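Hi everyone, thanks for coming. Please have a look at the model on the screen, and I'll walk you through a few parts of it.

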Amino acid sequence: MALPSFHLRLALLLLLAVCASAVHPRKLTRFGGVRRFTTSEPSYELPPEYEIHYYTQTVDHFNYKPYSYATFQHRYILNYKYWGGANSSSPIFVYTGEETDVTYDVETFILDLAARFKGQHVNSFESYFNTLGYLSLEQALADYAQVIVDVKKNLSAENCPAVAVGASYGGMLASWFRIKYPHIVIGALASSSPILYFDDITPQNGYHVAVTKDFRDTSESCYNTIKQSWSEIDRIAAEPNGLMTLSNKFNTCSPLNTSQELKDYLEIMYVSAAQYDNPPYYPVERTCRGIDGAPEGTDILGRIVAGLKSRFRGWDSCHDIFTFELSNKSAWDWQTCTQIVMPIGYGYNETMFEAEPFDINNYTKDCLDVFGIVPRPHWMTTEFGGHDIKTVLGNFASNIIFANGLRDPYSIGGVLEDISDSVVAVHTEHGAHCSDLHPPTPDDPDWLVAQRDKEIKIISAWIVEYYAKLATK
């Protein structure tokens with residue numbers, strides 16, 4: 001996500017999980033939150049019931065040098081539509097944002113929670129500052145704490161419980177916020193949050209193995225066509241005028257410079273389809289329907305094009321073959337070069353993709369070239385634990401829901417088993433990335449309704465327990 005001259009600090013991280021092969025593996029860690037994969041920055045008009053506010057935020061919470069007392073205007077959003085008031089038993093639901101604009105994910109399942117519990121909705125805290133050195137998870141969590149305390153004070157709602165809700169990177173933030181600031185939020189719903197995709201905890205090829213499984217389970221022939229397509233692309237590219245042939249076949253807006261550009265792009269299409277394989281769109285099924293449904297005699301790449309046309313409306317217009325390049329203007333890229341180092345890679349014949357092992361040396365070189373810094377690949381487990389997550393969360397955490405859909409490739413790095421009575425895993429075989437936090441609709445399948453109902457029941461118990469303890473004081 002490219003930013004202007006300022007940089008996002010709080011509502012930051014994880015576009016698609018796409019965040020790909022020779023495309024830098026860090027791009028696969030761009031999760032994207034609740035909204036489906038998009039190739040451009042979202043444009044979204046804020047509904048009238050939302051109010052934008054600003055809090056004068058401290059630049060550096062962990063240093064007492066004079067410059068650390070500088071401030072900036074930290075934007076957040078309030079929605080009072082369902083708020084029962086400070087004198088009621090209404091909770092405050094805090095949506096911890098992702099890497100997109102603060103206004104983009106305002107309408108999610110959190111609105112349903114607010115309606116059920118007559119809660120206040122505080123959305124996607126977002127803050128900007130033009131010095132990347134202050135852009136860290138620790139600063140972001142401290143920003144959350146400051147704003148929540150201030151919001152409660154302004155509402156005279158100091159005794160109202162707050163619950164953090166986040167999707168994707170925001171879900172990681174929500175879970176870590178509950179661990180670090182248990183006196184600020186009474187619990188956290190962390191949807192599709194791969195907090196175990198660090199160090200050697202999760203197999204490096206896990207993400208792409210899961211993508212491959214999604215396609216292969218959908219259609220063996222579709223899987224085989226995709227797997228065979230990479231060498232076919234290279235074969236045609238090596239012919240006289242081969243790149244032009246490929247450009248024409250895939251109707252690219254600009255001529256291809258290399259076959260790798262096309263392969264990188266297609267890989268992003270497939271991994272995003274798997275990551276966001278949610279109802280009602282089911283992009284994996286749509287893609288395979290096009291590949292398998294091509295007329296008899298259609299060649300391999302003709303079937304690939306048919307799959308893309310089946311998935312995307314308007315494919316007949318020319319297509320931008322984009323890739324995600326490391327940028328010194330991207331707050332997300334900064335974080336992947338500092339703390340968020342997810343070792344995502346895969347070897348030969350492990351997936352339906354060509355081999356692209358994770359190489360920390362190349363990864364580091366890119367970060368040095370762009371930012372002049374060396375990544376800290378082991379800091380996340382030092383800061384938040386992970387190698388023995390059952391012991392860590394069992395001893396030091398409570399009231400966290402880790403929600404996952406097992407078709408989401410990031411679920412491989414998620415918490416999929418209950419840790420304790422109050423740190424629980426809620427998952428479904430059918431859902432993909434952040435499926436439970438999409439706005440509910442009448443057409444939602446039974447498994448999705450059941451998953452949300454289970455989450456609501458758990459959150460309700462937290463609130464009841466909180467007020468029971470409060471009454472004894």
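Let me start with a term: two strands pair if DSSP finds at least two bridges between them. Helices (H or I, at least four residues) and strands (E, at least two) are DSSP runs, numbered from the N terminus. With that in hand, strand S8 runs parallel to S9, and 4 bridges join them. Leu189, for instance, has Ile401 in S9 as its bridge partner. On to the next pair: S9 and strand S10 (residues 423-428) are also parallel, joined by 6 bridges. There, Ile400 has Val423 of S10 as its bridge partner.

A word on what you are looking at. This is a predicted model, where local features need pLDDT of at least 70 and side-chain atom pairs count only at pLDDT 80 or more, while totals for chains, interfaces and linings use all residues. Residues are numbered from 1 along each chain as its sequence is written, and side-chain values use heavy atoms, with hydrogens and water left out.

How confident is the predictor? pLDDT is its confidence in each residue, from 0 to 100. The protein has a mean pLDDT of 85, with 84% of residues at 70 or more. Residues 1-26, though, stay under 50, and residues 35-43 are below 50 too.

Now find Ser193, in the loop between strand S8 (187-191) and helix H4 (206-218). Why does Ser193 count as buried? Because its relative accessibility is 1%. Contact means heavy atoms within 4.5 Å, and beyond four places in sequence the contacts of Ser193 include Phe402, Asn404 and Gly413.

Last stop, the cores. A nonpolar core is a set of buried Ala, Val, Leu, Ile, Met, Phe, Trp, Tyr and Cys residues joined through side-chain atoms within 4.5 Å. The largest has 82 residues, and Trp176 and Phe215 are among those touching the most other members. Helix H7 (residues 259-275) gives this core its largest share, 9 residues. A second, separate core of 17 residues includes Ala403.

How values were computed
pLDDT = per-residue confidence, 0-100. Buried < 20%, exposed > 50% of the residue type's maximum accessible area, 1.4 Å probe, protein only.
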